[in-house]
Amino acid sequence: LYQRALAITEKTLGAEHPDTIKTLNNLIKLYEGKGDKDKAGTYARLVAARISAKKTGGFCVLTCDIKSSRQAPDRKKLQDDILSALNLINQKHQAELQAGFMLTAGDEFQGVLKQPEQGYDVLLDLQMQLPAWFYSGIGIGTIQTALSSISTEMDGPAFHHSRQALEEAKKTDARSVIKSGLAFDPQFNALSGTIGFIKDRW
């Protein structure tokens, strides 16, 4: 049924229309419910690629914060584990990163991806590798300063969107929130919620 709906919306509305993205999100949930994480992941990447095709500026900033980190029994060990996990992520995704992930304040960390569609794999890797539950603010947009390999040396809408998204995630207790300033944000956040649900089931 969803496959037929997808074919209809793609033909009548276009591949990047919000209704088409919504149908793809339904397919993600359908295949996850069947235990077919490969197909669910395939459709999730397709959603990310189609939203990225709207030309948001080409950068994706991920700003994350460990939930209730001050209550950790051994905070130093937690930070050491976070740094170890971030080093692994930076090595694995070196080609996709404009700026590698680093601790920026307390137990908050941030990285910058060159292209928004790469965010799905990196976010899922972060959720799998890090030893604690964390909030994610995903900002998509431009960078207005000179590019750097250090995230704290840059600024622009992508960073502002990421900060706004992180604050909303904390306020609503959502695993991840995405801000791009586009009409696609609700659909992209539905995808993000699906990613978190799939991860929690693994």
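Predicted model: local features only at pLDDT ≥ 70, side-chain atom pairs only at ≥ 80, totals over all residues.
**Whole chain**

Of the 202 residues, 47% are buried. Among contacts with a separation of 6 or more, 66% are between residues 24 or more positions apart. Switch to a surface: the accessible area is about 9,900 Å², and carbon and sulfur atoms contribute 51% of it.

**Strand S4**

Select residues 134–141, which form strand S4. Eight of the eight residues here are buried, so the strand is largely enclosed by the rest of the structure. Show the side chains next. In a regular strand, side chains alternate between the two faces of the sheet. On one side of S4 are Phe-134, Ser-136, Ile-138 and Ile-140, and on the other are Tyr-135, Gly-137, Gly-139 and Gly-141; both faces are covered.

Strand S1 (59–66) is antiparallel to S4, with eight bridges between them; to find one, select Val-61, whose bridge partner in S4 is Gly-139. Strand S5 (176–179) runs parallel to S4 and is joined to it by four bridges.

**Helix H6**

Go on to residues 157–172, helix H6. At 1.5 Å a residue, its 16 residues should span 22 Å, and the end C-alpha atoms are 22 Å apart, which agrees. Colour the buried residues of H6: Ala-158, Phe-159, His-161, Ser-162, Ala-165, Leu-166 and Ala-169. They lie on the same side of the helix, because they cover an arc of only 160° around its axis. What do the buried residues of H6 pack against? Display S1, S3, S4 and S5 to see these partners.

**Asp-107**

Finish at Asp-107, in the loop between strand S2 (97–105) and strand S3 (108–113). Is Asp-107 buried or exposed? Its relative accessibility is 2%, so Asp-107 counts as buried. Draw two distances from its side chain: a polar contact of 2.6 Å to the side chain of Ser-69, and another of 2.9 Å to the side chain of Gln-79. Leaving aside residues up to four places away in sequence, Asp-107 also touches others, including Cys-64, Asp-65, Ile-66 and Arg-75.

How values were computed: Residues numbered from 1 in each chain as written. Heavy atoms only, no water. Helix = DSSP H or I, 4+ residues; strand = E, 2+ residues; numbered from the N terminus. Buried < 20%, exposed > 50% of the residue type's maximum accessible area, 1.4 Å probe, protein only. Polar contact = N/O pair within 3.5 Å; in protein donor to acceptor, adjacent residues only side chain to side chain. Contact = heavy atoms within 4.5 Å. Expected span 1.5 Å × (residues − 1). Arc of directions from axis to C-beta. Areas by Shrake-Rupley, 256 points an atom, 1.4 Å probe, with all protein chains shown as cover. Pairing = 2+ DSSP bridges.
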